[in-house]
Amino acid sequence: MMPEVTDGDSAVAPPLVQGRTRHRTRRARVLSAAVLLSLGGCGVLDHGMLGAAGPVADQTRSLFVIVCLILLFVVGPVLLLTPIFAWHYRLSNTKSAYRPQWGFNWPLEGLIWIPPIVIVLILAVFLWRGTHQLDPYKPLASAYPPVEVQVVALDWKWLFIYPDEGIASVNELAFPADRPVHLNLTSGTVMQSFFIPKLAGQIYAMAGMTTQLNLAASEPGHFTGQNTQFNGMGFQNQKFPVLAQAGDDYRAWIARARAGGKMLDMAAYKALSARSVQAEPSRYGAVAPDLFKSILALDDAGAHTAHKEAKR
Amino acid sequence: MSGDVWFWLFGRLDAKALPFVRAWDHPTLSEFIGAMAGGMVVVGAVVLVALLTWQRWWRPLFLDWLTSLDHKKIGIMYVVIAGVMLTRALIEAVLMRTQQSLAVDAPGIVAPEHFAQLFSTHGTIMVFFMAMPFLTGLINFAMPLQIGARDVAFPLLNSISLMLTAAGAGLVMISLAIGDFSTGGWSGYPPYTGKAFQPGVGPDYWIWAITLTSLGTTFSGLNFAATIYKKRCPGMHLMRMPLFCWTALCTSILMVFAMPPLTLATALLALDRYADFHFFTNDLGGNMMNYVNLFWLFGHPEVYILILPAFGVYSEVISAFSSKELYGYTSLVLATMAIGILSFTVWLHHFFTMGQSADVNAAFGIATMTIGVPTGVKVYDWIWTMFRGEVRFTTPMLFSIAFIVTFVLGGFSGILLAVPPIDFVVHNTVFLVAHFHNVIIPGTLYGVIAGYMYWFPKAFGFRLVEGWGKVSFACWVVGFYLAFMPLYVLGLGGMPRRSQALFEPDYRPWLIVAVLGAFILLAGLVTLFVQLAVSVREREKNRVPVGDPWDARSLEWSVSAPPPEYNFATIPHVGRRDVFYWRKAAHGAYKPADHYRDITVPRNSWVGPIVGLGGAACGFGLVWHIWWMTILGFAAVWITVIGRSFVRDTHRVISAAEVEATDRAWLAQVSGAHPIPRQLEESPKNFGLAESFPAPVPA
Amino acid sequence: MSGPQLRHVGLNLHGSDLLEPGEATIGVYGFWIFLMSDAILFALLFAIYGTQLAATVGAPGPQAEFKIGPAFIETLILLTSSLTFGLASIAMKYDRTRTSLVVWLSITLALGFAFLGFELNDFRTMISDDATPDRSGFLSAFFALVPAHGLHVTAGCAWIAVMLAQIAVFGLDDRVKLNLLRLGLFWHFLDIVWIGIFSIVYLQGILG
């Protein structure tokens with residue numbers, strides 16, 4: 001479903017999550033609350049997908065809970081039967097039956113083979129639907145067009161280029177909370193994996209190729225993004241703040257970046273891409289046209305058109 | 001000495017390669033730990049040499065062991081390699097857990113570079129130099145005995161495989177004392193491991209260690225497959241083989257087909273690094289996705305190479321210690337083969353996050369879940385094997401029960417990871433780390449330990465003491481749960497794997513629990529060695545010369561413990577499955593042969609050790625660009641192999657009289673032994689002769 | 001084992017087909033498994049070549065570099081060498097004198113060398129055109145696949161030489177015969193791989 005394109009004015013607050021999914025979301029929230037409680041209600045889980053703060057993570061959480069519930073039917077019998085049988089048929093129990101040559105039974109074979117097949121079939125349905133519904137390339141349904149961001153993975157920092165605004169930032173991803181975000185990712189170095197646990201799943205960024213990711217936040221907030229693919233000695237520091245902002249704050253953020261005035265061209269990019277850890281975010285007020293394309297062309301993967309210039 | 005001469009002699013080796021020098025230059029805790037590890041390798045080697053010299057063990061070491069072509073001795077040597085490497089890799093694991101538990105908003109004790117080497121060597125060793133040699137050792141030891149063969153199909157090739165694996169392991173150990181190891185993890189993804197990003201020797205050590213062992217494993221697989229297809233004794237139809245042989249067959253087929261992608265991946269990476277090729281570079285048309293596909297085309301079948309033989313061990317152990325026929329033999333065979341085939345269809349699930357279309361991801365996700373069906377069938381077959389049995393809780397059986405329960409949890413998280421959208425949020429986090437440890441520790445490690453304890457009396461003629469075994473078991477199980485269950489929670493909380501430092505205070509309590517678990521796991525290993533030492537000291541009490549301490553069912557138990565070099569005085573004829581059980585039931589076991597014949601066995605050979613040494617020299621030379629050493633090593637290998645083809649005197653004959661004398665001496669021991677019931681299995685009265693209990697019902 | 005069994009003429013190391021092939025079956029069987037493993041290696045090299053085919057990134061591509069003439073001559077040489085090896089196998093089995101076996105083996109060896117000579121000449125031409133593996137993904141893939149086959153042929157030639165020496169030293173004992181059987185499998189296998197290279201690399205490259 002294509003999002004309805006407006007003229008890009010993000011000042012009007014739209015409904016965040018579509019009504020169709022709201023009911024399911026609430027049910028999932030109750031279920032996942034139960035899971036959270038059973039794990040001791042610890043704060044640690046709040047940093048991941050279970051503390052979902054956007055529609056993608058939210059739907060993933062529902063899927064997670066459903067799959068877990070189905071899997072209880074697989075795990076339960078084994079966890080019960082193993083200790084029971086082992087204990088009941090122990091050597092010292094002289095009352096238990098002993099049939100040393102019993103090794104086959106047709107009805108039992110059916111019981112062993114058929115239920116796992118059925119469970120896998122059921123799971124397959126959920127998997128197929130979930131995978132298509134949560135395809136990271138699929139645009140998120142919204143009344144407003146997504147914010148376009150071009151992401152370049154560097155050692156050991158992230159560069160975010162906003163082609164529509166003509167600005168860029170390093171180690172800080174800001175976007176309006178009421179609009180979805182569409183990311184085009186590539187890498188200026190080795191392969192990395194872009195991941196904001198509370199908002200959406202991760203996707204690899206590879207040199208000379210682009211991948212895509214769609215995400216959104218349910219409401220304004222601050223999150224942490226990170227690289228999860230080991231890429232060298234600054235890996236553990238490669239985290240960045242993600243700011244889902246109210247429309248005004250976002251516009252102010254853009255204005256501040258513009259006011260900074262620094263220009264991101266190829267020379268600046270080359271300097272930036274040297275291996276380093278950057279603790280504080282920085283911003284560029286202007287970006288050379290088609291810089292992202294030029295970065296892609298630096299590492300020409302030749303024939304791999306399937307991933308180049310993503311056409312999906 | 002001028003630079004040219006130095007380079008000619010030593011390549012890029014210099015003083016900085018020694019961790020002691022680095023520690024002297026930069027006296028940090030991290031460097032000291034590195035220097036200490038390097039020192040342990042050096043000191044260990046010196047102590048070993050001193051011990052061998054002092055005890056005058058050099059001759060027996062070479063003449064009885066290293067040059068031996070006896071599959072049983074080769075099997076034991078594989079297990080020794082695995083034990084040494086397990087010790088190192090487990091200490092590394094403890095060090096990593098310690099680091100992470102200390103490094104929440106703090107520097108901790110090891111530097112990022114050092115930490116990266118730790119996780120790289122830990123993974124590489126555990127997969128290639130612990131799990132693989134361990135299970136190859138068990139297959140080597142038990143499988144020919146189980147199918148009634150005198151040896152594997154190609155005994156010399158077997159020795160070469162062993163020595164190539166040892167050479168690879170040696171390179172990994174040397175990297176501790178000279179230079180550094182790769183920081184690219186056990187999977188060594190380029191372009192990170194390419195020359196542009198890692199110009200040093202680390203990835204080269206990784207490449208050549210892996211290449212050596214990968215060749216060795218291919219040959220092992222070939223050897224086992226040929227043995228099982230061609231060397232079974234008369235009447236041992238495929239469907240009469242013990243299940244361990246089935247899993248060994250499946251694993252060897254996987255080895256034959258799955259190792260070439262790895263060999264190719266490392267070879268092409270080496271071409272990139274040494275000859276400026278562009279397979280996996282960022283620029284000039286390289287494509288790292290090819291590496292990822294090649295690696296996992298190997299990597300996923302590898303998981304089943306690791307796990308299937310352990311499944312075989314469990315099948316043997318559960319059946320033996322339940323005093324019962326294996327339930328659903330045919331199902332288990334079908335499930336094993338199904339897993340083997342399916343294992344080649346799922347490799348893409350290791351990189352769902354690479355941007356494929358949803359259709360592709362979903363197809364591979366469903367294929368992955370499909371493996372759950374045969375695996376589930378196997379689990380139920382083991383459970384129903386205990387049903388109406390007489391279960392004894394010996395240590396191998398305890399490991400098997402702990403395996404079933406724990407492995408199912410690993411399967412649970414495995415199915416979760418098979419769902420692409422869920423994978424997106426836990427991939428590359430410690431959830432994934434928890435998952436694969438949750439399948440491989442119970443699935444493989446518990447299995448090989450159970451197999452070691454189960455077959456130990458057969459190999460050495462005495463049982464391991466049960467008390468320390470149970471302590472060790474408790475440590476391995478408790479330690480596992482404490483070490484890895486927290487990682488599931490942390491992974492769901494978004495904690496990435498391979499991170500030297502962390503910045504989220506909420507992670508800390510869980511990391512502390514995990515490090516506690518890691519120490520308990522280390523205690524499990526220590527107690528395992530204590531058990532071995534105590535057992536050796538008290539071996540006279542625990543002798544089982546008759547050879548059947550567990551009242552087991554397959555052919556390996558029908559001969560003395562330890563078995564004669566030629567395994568069987570006369571090649572058995574088999575009429576059904578579980579043949580030894582039925583022979584015992586019909587009082588047909590322990591009978592002298594009608595007449596004995598001369599037996600031809602292969603002579604010991606130096607080819608294996610020389611090929612191993614040559615391979616290691618070749619690898620070391622390649623790592624450090626010491627080209628004369630590379631050429632010398634390569635030439636040594638091929639001159640030896642070609643020279644060997646001109647040797648005709650490769651076998652010796654053991655006379656019929658000698659065979660008969662040995663056999664009759666053993667049978668005399670049998671008739672002198674008192675059959676014991678299962679209740680006395682763990683007491684010194686167990687002489688290896690089982691009382692028929694209870695009298696079997698005629699089928 | 002019971003019942004009449006089919007005996008494989010090639011596996012029978014003796015003059016008569018009536019004797020059990022014995023250990024020879026195991027030796028040859030093991031080598032078949034090795035070849036399967038090797039076949040996987042080549043299959044993957046072909047696959048990599050396929051994915052890298054268009055990754056020429058400005059360096060010389062297939063159409064510029066591949067010449068049908070030499071490739072066709074190499075194919076003819078290698079196919080002929082397979083035929084001569086076949087004749088050597090027949091000579092091993094049915095000819096009591098060793099002369100014809102040695103002659104056919106020597107011809108095979110000479111053809112192997114000829115093939116390698118032509119192939120090296122191809123590589124030399126390409127390198128002099130600056131079509132070297134460090135220039136593009138495509139050339140990397142080419143210089144992995146085709147020389148991998150060439151290395152196998154070199155190994156095969158060395159093996160033939162070793163076997164000629166063994167025939168001189170030991171005559172035709174069982175181990176020499178068994179190794180000749182395995183060498184035959186290896187040689188024919190290389191032929192099959194070359195047909196793949198000729199069609200997939202050269203024909204496809206030249207015809208587009």
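Analyst: Tyr590(B) lies in the loop between α18 (579–585) and β1 (599–602) of chain B, where helices (H or I, at least four residues) and strands (E, at least two) are DSSP runs numbered from the N terminus. Tyr590(B) is not a glycine, yet it has a positive phi of about 60 degrees. With 18 other C-beta atoms within 10 Å, Tyr590(B) counts as partly exposed; the scale calls a residue buried at 20 or more such atoms, exposed at 12 or fewer and partly exposed in between, with C-beta atoms placed from the backbone. Before going on, please keep in mind that this is a predicted model, in which local features need pLDDT of at least 70 and side-chain atom pairs count only at pLDDT 80 or more, while totals for chains, interfaces and linings use all residues. Residues are numbered from 1 along each chain as its sequence is written, with chains lettered from A and ligands numbered from 1 in the order in which they are written.

Asp290(A) is exposed, with 11 other C-beta atoms within 10 Å.

Two cis peptide bonds deserve a look as well. In chain B, the bond from Pro190(B) to Pro191(B) is cis with omega near 0 degrees, and Pro191(B) sits in the loop between α7 (155–177) and α8 (202–230) of chain B. In chain A, Asp155(A) and Trp156(A) are joined by a cis bond with an omega of about -10 degrees; Trp156(A) belongs to the loop between β1 (147–154) and β2 (157–162) of chain A.

Staying with chain A, there are six helices and 13 strands, and 46% of the 312 residues are buried. Of the contacts in chain A between residues at least 6 apart in sequence, 74% join residues at least 24 apart; a contact here means two C-beta atoms, placed from the backbone, within 7 Å. Chain A is assigned domain 1 (49–91 + 105–133) and domain 2 (147–311), with bounds from an automatic or database assignment. Their centres, taken over C-alpha atoms, are 38 Å apart.

Back in chain B, α10(B) and helix α11 (residues 329–342) have axes that come within 11 Å and cross at roughly 170 degrees; the axes are lines fitted to C-alpha atoms over the stretch in contact, and angles run from 0 to 180 degrees between N-to-C directions. The two helices are therefore roughly antiparallel, the label for angles over 145 degrees. Tyr304(B), Leu308(B), Phe311(B) and Ser315(B) of α10(B) meet Leu332(B), Thr336(B), Ile339(B) and Gly340(B) of α11(B). By class, these residues are five nonpolar, three polar and no charged.

What is the largest nonpolar core made of? It has 358 residues, and those with the most contacts inside it are Val151(A) and Met130(B); such a core is a set of buried Ala, Val, Leu, Ile, Met, Phe, Trp, Tyr and Cys residues joined through C-beta atoms within 7 Å. Helix α10 (residues 288–321) of chain B supplies the largest share, 23 residues. At least three residues come from each of domain 1 and domain 2 of chain A. Beyond its neighbours within four places in sequence, Met130(B) touches Ala82(B), Met85(B), Leu86(B), Ala89(B) and Ile125(B).

Finally, the chain interfaces. Between chains A and B, 84 residues of chain B meet 77 of chain A. On the chain B side, α12(B) gives the most, 17 residues, and the classes are 49 nonpolar, 23 polar and 12 charged. Chain C puts 31 residues in contact with 32 of chain B. The elements giving two or more residues to the chain C side are α1 (23–52) and α5 (137–170), and α1(C) gives the most, 15 residues. That chain C side divides into 19 nonpolar, 10 polar and two charged residues.

Technical notes:
Angles under 35 degrees count as roughly parallel, over 145 as roughly antiparallel, 65 to 115 as roughly perpendicular and the rest as oblique. Ala, Val, Leu, Ile, Met, Phe, Trp, Tyr, Cys and Pro count as nonpolar, Asp, Glu, Lys and Arg as charged, and the others, Gly among them, as polar.
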